[in-house]
Amino acid sequence: MAGQSDPHLSIFSAEEVEFIAEDEMMEIVPNMKMDPLNLICGDFGPFRPQIATEVPLWLAVALKKRGKCTIRPPQWMSVEKLTQILEAERESPREFHPLPFHYVEISRLLFDHARDDIPDVYMVRSLIEDIRDVRFHKVETGLETISARTHAVKLKNLSAMEVNIVRPFIVRALQAFYKHDSPQMIPQPDTIGNRPPQVADRGPRVRAKSHMPLGTLADTL
Amino acid sequence: MASGSEDGLGIPSKDYDSLIATTDVELLKRAWQNEKAAPEILQFQADLIRRSQEQIQLMEDTVEEYAENGTDPLTVSLYQMDLDRTQFLLRSYLRIRLQKIEKYMLHISKTELWNRLSKQEQKFAKRSTDHMEKHLKQSVLSRLPYGYQSILKQSISSEDDDMGTISSFCANHFFLMCYCLFLSFLIY
């Protein structure tokens, strides 16, 4: 069913994040002639051979699959740029380098469907994987600093997939801290009398079970 | 707290120009994302949903027409893909709301959240609550001693209904969730 991803794992499933990323604009060079498309999500085209035009990623991939165009990879997807980014990521252990919000999904889709359009595809691919690993390692070390006094976690320049993976964990962790911290959770003398105490702390314990261990977080990437 | 999450995710007024250029699909996508991420039910986007439905209807007719008059199959399939994507957004949006209504129907029907539902959703919520009440009565409550038969109160002698406590618990929960969601959207 549409939109019924398990809310306990993450708010958006990987497919849904990809769906969102598919609306990013991409430059393509068609090799056929086609009239403009007046779609619900906008008007695109006209398509003329060898004349570049901008379309959403899903449209680019659809045309590419049928052999009707070549996709021009975005500027940041070059060995030179990515090497710079990787170095910057390694140099600053606490900050994230600004990257396109959907870089994971875009690169993944292009690797899957438009390998032949990306120069040095193997190099680019391994660079992006390295960048992803370095960044996720930072997220993990960042999560370790969450404590009872954490009221907010600021993670600037995090990308869609990264946010989506850590969101449920951060939300539940902060929630757990908040619960244990709140005066309501500390049994008051008068409520102990008419309510068995284990009822009061059953909530957090059940929740604690559903925490996803950090190790598996990385695996879901 | 509710308005906080809505305002926080809304479009800054300085982006007014881009707002005009924003398509309904873009707005629908935003509404869908917000609805998915928010723990509580948000205001039903009545106008947006109506417009989207009209556009989908129109596009369905167009695709049918193209398929009949022998337009290039590639073009037809692209139009169909666009249609499918929009339909997915709309369906998912409506279903998430129904899920939330099913989950929190008692809370929603007893608070101002009720006004955020569309007419049809209110009907749905009313019916689900009735069914739930009927089911609980038939299976359990009718066998309990008199005075313990309300679905809302622990016993007839309790001053305030216990739904109240649950509501305040939910509210607390919501507050926290919004708080964290705000964080996630800072990143957006």
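# Close-up views of a predicted two-chain model

**Figure 1. Confidence in chain B.** The confidence value is pLDDT, which the predictor gives to each residue on a scale from 0 to 100. Helices (H or I, at least four residues) and strands (E, at least two) are DSSP runs, numbered from the N terminus. For chain B the mean pLDDT is 77, with 70% of the residues at 70 or more. Residues 1-11 of chain B stay under 50 and have 18 contacts beyond four places in sequence in the model; a contact means heavy atoms within 4.5 Å. Residues 175-188 of chain B also have pLDDT under 50, and the model has 38 contacts beyond four places in sequence for them.

Residues are numbered from 1 along each chain as its sequence is written, and chains are lettered from A and ligands numbered from 1 in the order in which they are written. Because the model is predicted, local features need pLDDT of at least 70 and side-chain atom pairs count only at pLDDT 80 or more, while totals for chains, interfaces and linings use all residues; side-chain values use heavy atoms, with hydrogens and water left out.

**Figure 2. Helices α4 and α5 of chain B.** Two packed helices are described by the angle between their axes and the distance between the axes. The axes of α4(B) and α5(B) come within 10 Å and cross at roughly 155°. Axes are lines fitted to C-alpha atoms, for helices over the stretch in contact, and angles run from 0 to 180 degrees between N-to-C directions. The angle makes α4(B) roughly antiparallel to α5(B); angles under 35 degrees count as roughly parallel, over 145 as roughly antiparallel, 65 to 115 as roughly perpendicular and the rest as oblique. The crossing of α4(B) and α5(B) is left-handed, a term used if the near helix is turned anticlockwise from the far one by less than a right angle (right-handed if clockwise). On α4(B) the contact residues include B:Ile49, B:Ile56, B:Met59 and B:Val63, and on α5(B) they include B:Val76, B:Leu83, B:Leu90 and B:Tyr93. By class, this contact has 11 nonpolar, four polar and two charged residues. Here Ala, Val, Leu, Ile, Met, Phe, Trp, Tyr, Cys and Pro count as nonpolar, Asp, Glu, Lys and Arg as charged, and the others, Gly among them, as polar.

**Figure 3. Helices α3 and α5 of chain B.** Helix α3 (residues 24-37) and helix α5 (residues 73-103) of chain B have axes that come within 9 Å and cross at roughly 30°. That angle makes α3(B) roughly parallel to α5(B). Their crossing is left-handed. Among the residues in contact are B:Leu28, B:Trp32 and B:Glu35 of α3(B), and B:Leu89, B:Ile96 and B:Arg97 of α5(B). The contact of α3(B) with α5(B) is made up of nine nonpolar, two polar and five charged residues.

**Figure 4. The open sheet of chain A.** Three strands of chain A form an open sheet in the order β4-β1-β5, with antiparallel pairing. Strands β4 (53-56) and β5 (69-72) stand at the edges with a single partner strand each, so one side of each is left without a neighbour in the sheet. Neighbouring strands are turned by 45° against each other on average, direction ignored. Two strands pair if DSSP finds at least two bridges between them. Strand β1 (residues 25-30) and β5(A) are joined by four bridges, with A:Pro30 opposite A:Cys69 in β5(A). Four bridges also join β1(A) to β4(A), where A:Met25 stands opposite A:Pro56.

**Figure 5. Helices α2 and α4 of chain A.** Helix α2 (residues 57-65) and helix α4 (residues 103-113) of chain A pack at about 10°, with axes 10 Å apart. The two helices are therefore roughly parallel to each other. A:Leu57, A:Val61, A:Lys64 and A:Lys65 of α2(A) meet A:Ile106, A:Leu109, A:Leu110 and A:His113 of α4(A). Five nonpolar, one polar and two charged residues make up this contact.

**Figure 6. Two loops of chain A.** Most residues other than glycine have a negative phi, and most peptide bonds are trans. The bond from A:Gly45 to A:Pro46 is cis, with omega near 0°, and A:Pro46 lies in the loop between β3 (42-44) and β4. A:Asp120, which is not a glycine, has a positive phi of about 50°; this residue is in the loop between α4 and α5 (121-144).
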